[in-house]
Amino acid sequence: MNARLLPYVLILPVTLFLCLFFLYPFVLVSKQAFSTGAGFTLDNFREVTGYWKFPITMRNTLLLAAAVVPIQLALALLMATMVNRMKKGRDLVLYVWTIPLGISDLAAGIIWLAIFEQSGFLNSMMNGLGIVDKPVNLLTFQNPGIVFLAIMLAEIWRATAIMLVILVAGIGLIPKEYYEAAEVFGASPWKRFLRITLPLLRPSLQTALVLRVILAFEIFAVVAALGGTLFPVLMGETYAYQFDLLNSGAAAALALIILAISIAFTLIILRVLRVPKGATI
Amino acid sequence: MAQIEIKNVAKRFGTYQALHDINLTIQDQEFMVLLGASGCGKTTLLRIIAGLETATTGEVWIGGRRVDDLAPKDRGIAMVFQNYAVFPHLTVFENIGFGLRMQKLPNDEVKDRVERTAELMHIEQLLKRYSGELSGGQRQRVAVARALAMEPDVILMDEPLSNLDALLRMEMRAELKGVLAASNTTAIYVTHDQVEAMSMADRISVMHQGEIVQAASPIEVYRNPAAEFVAGFIGNPPMNFLPAAPAGDGKWSVAGQVVDGPSSGKPLKFAIRPEDMRPADTGLTATAKVVEPLGAHLLITCEVQGSMFRAVLDSDMSVKPGDQLTLAPQPDRMRWFDPDTTLAVA
């Protein structure tokens, strides 16, 4: 086999697979989004963005991402730093911390529903402690704050570990000598974190944030389980268009809007966390 | 002013005793080299002085202050690391100025000091570059400049030249020695390279298995090794050893030859440097095995009564493998060691 051709031959199967099962459906969805039966049109987009629920779903989705992702980032950084300092039992702790990754998002939503619902663990506990005299229904339209908080908690519990594993791998790659040099030259532990860990972690931070932000805009099952229709998000609306309203053109248009937001945020993250020209990290 | 005193320092990693009861005083502005093979504890000792490692027992004093409980930054030290540890995400300027920024010095003073040290290390044209755009030698210069910019009392260096190629190492050796002498700092320099140690040090501490075997000037360490280990470690090729049997008071029989030596009741080891032998009519009888012309000299590996023996002779001698040589050791260069304690016997 020609050595110059070999790499291309080897990546051919996966490329074909992606073209067939990703690129082709994507083209189909785009065609659906930009047509209502005959010719090119933006009608589908006008329809979904003109609907009264659209600003609410958009706001909810962005708000949730803005509330959840920074907390997850901070937590993941803290956990990764702690794990990295451990000498014994490091793997065990990592396994335990990443357990939620193995649970589907719907199951995660149901677990937190079991905590927050009227006959749930939280109510039983508050009742048992005498804080409330009878179980209260927390997840109702009168308590939008609690609904939001429940979704936030579930998301943080469920999806922090995906950032954690990426950051743990990244931190492990930073040579110990940099920390020692920084320490000798007067950097406190906090300064070492700011001036050494964070900048040298930029490639891992990029990956973790891009992945997490995209997933945050795709949030669906956790919200469905905990908030139902109380907290509409973009992906839930897409589902409703497709399966409740049987309007696949509108669903496709909304899906493309989510894609556009994801791409925009990806570009912003890559830009903000870019490595200076010439620096090798 | 920074004299360094190391008092009864020992270090244990688990069950492994890395350092045994080290005592050493390094004078203000002295250039002290810690020399030894890998695993002898020299880097551990340096790291204890730096504060990157804590001694299991013992005390470290720098400039009259006990520093064991002080953080590295409060000890008045700066350090050059073996792999340079030049931060890849900062420019050369910010690397050199890192410690100054940590001290929160005003911008113009940082700029002034960075530029001054960069000039001293001849890297003033590289200030805007990143470490990935530098050669190994340039990175080395940045690491040294970063330490010098701190204007520390003590500079600690952990094998700073070991990653450079031979030619560059020689050049940097001389330059580093000059720069450090001009900076009036006390320097502790860890190396396994005896040429580096000999050429740079005011004093060498030869370390072996977690102990300092000898701490003396380079020429003293070379001429009068305190122990067999030092004699075998310093010098390339190292000292020759032959068993010596007593032959009357102050007389010793070495390979059938009677020579003058110390008064001692028990058998000793006779030692002589390869270059301290002269071809003569009477002396040790040696059979040449390998002849290596080194340009300036001829290195001859031979056999003397079953023991390997090396001699460095003038390059215009013609010697072939198999030749019989008669080598006379220079009387004032002969050394004697006790085979039981391995220490020198005067």
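Predicted model: local features only at pLDDT ≥ 70, side-chain atom pairs only at ≥ 80, totals over all residues.
Local features need pLDDT of at least 70, side-chain atom pairs count only at pLDDT 80 or more, and totals for chains, interfaces and linings use all residues. Residues are numbered from 1 along each chain as its sequence is written, chains are lettered from A in the order in which they are written, and side-chain values use heavy atoms, with hydrogens and water left out.

## The interface

Chain B brings 27 residues to the contact and chain A brings 22 residues. Contact here means heavy atoms within 4.5 Å. About 2200 Å² is buried between the two chains, and carbon and sulfur atoms give 67% of that area. Buried area is the accessible area (1.4 Å probe) that two parts lose on being put together, summed over both. On the chain B side, P88(B), H89(B) and M102(B) lose the most area to chain A. Together they account for 27% of what that side buries.

One salt bridge is counted between the chains. The term requires a side-chain nitrogen of Lys or Arg within 4 Å of a carboxyl oxygen of Asp or Glu. E180(A) pairs with R47(B) in a salt bridge, with the closest N and O atoms 2.7 Å apart.

Three elements of chain B, β6 (77-80), α3 (98-102) and α5 (136-149), each supply at least two residues of the side that touches chain A. Elements are DSSP runs numbered from the N terminus: helices (H or I, at least four residues) and strands (E, at least two). That side of chain B has 17 nonpolar, five polar and five charged residues. Ala, Val, Leu, Ile, Met, Phe, Trp, Tyr, Cys and Pro count as nonpolar, Asp, Glu, Lys and Arg as charged, and the others, Gly among them, as polar.

## Pockets and cavity

The search uses a 1 Å grid over the protein atoms alone. A cavity is a set of points where a 1.4 Å probe fits but cannot get out; a pocket is an open set with protein on both sides within 12 Å along at least five of seven lines. Lining residues have an atom within 4 Å of a point. Grid points are joined across faces, edges and corners, and a volume is the space filled by probe spheres set on the points.

| Site | Volume | Lining by class |
|---|---|---|
| Largest pocket | about 900 Å³ | 13 nonpolar, three polar, eight charged |
| Second largest pocket | about 320 Å³ | 10 nonpolar, one polar, one charged |
| Largest cavity | about 30 Å³ | five nonpolar, one polar, two charged |

The largest pocket has 24 lining residues. N84(A), R85(A), K176(A), Y179(A) and R192(A) lie nearest its centre. α3(A) gives the largest share of this lining, seven residues.

In the second largest pocket, α13(A) gives the largest share, five residues. The lining includes F22(A), F26(A), M235(A) and E218(A).

One cavity of 30 Å³ or more is counted. Its lining includes T61(A), E155(A) and R212(A). α3(A) gives the most to the lining of the largest cavity, with four residues.
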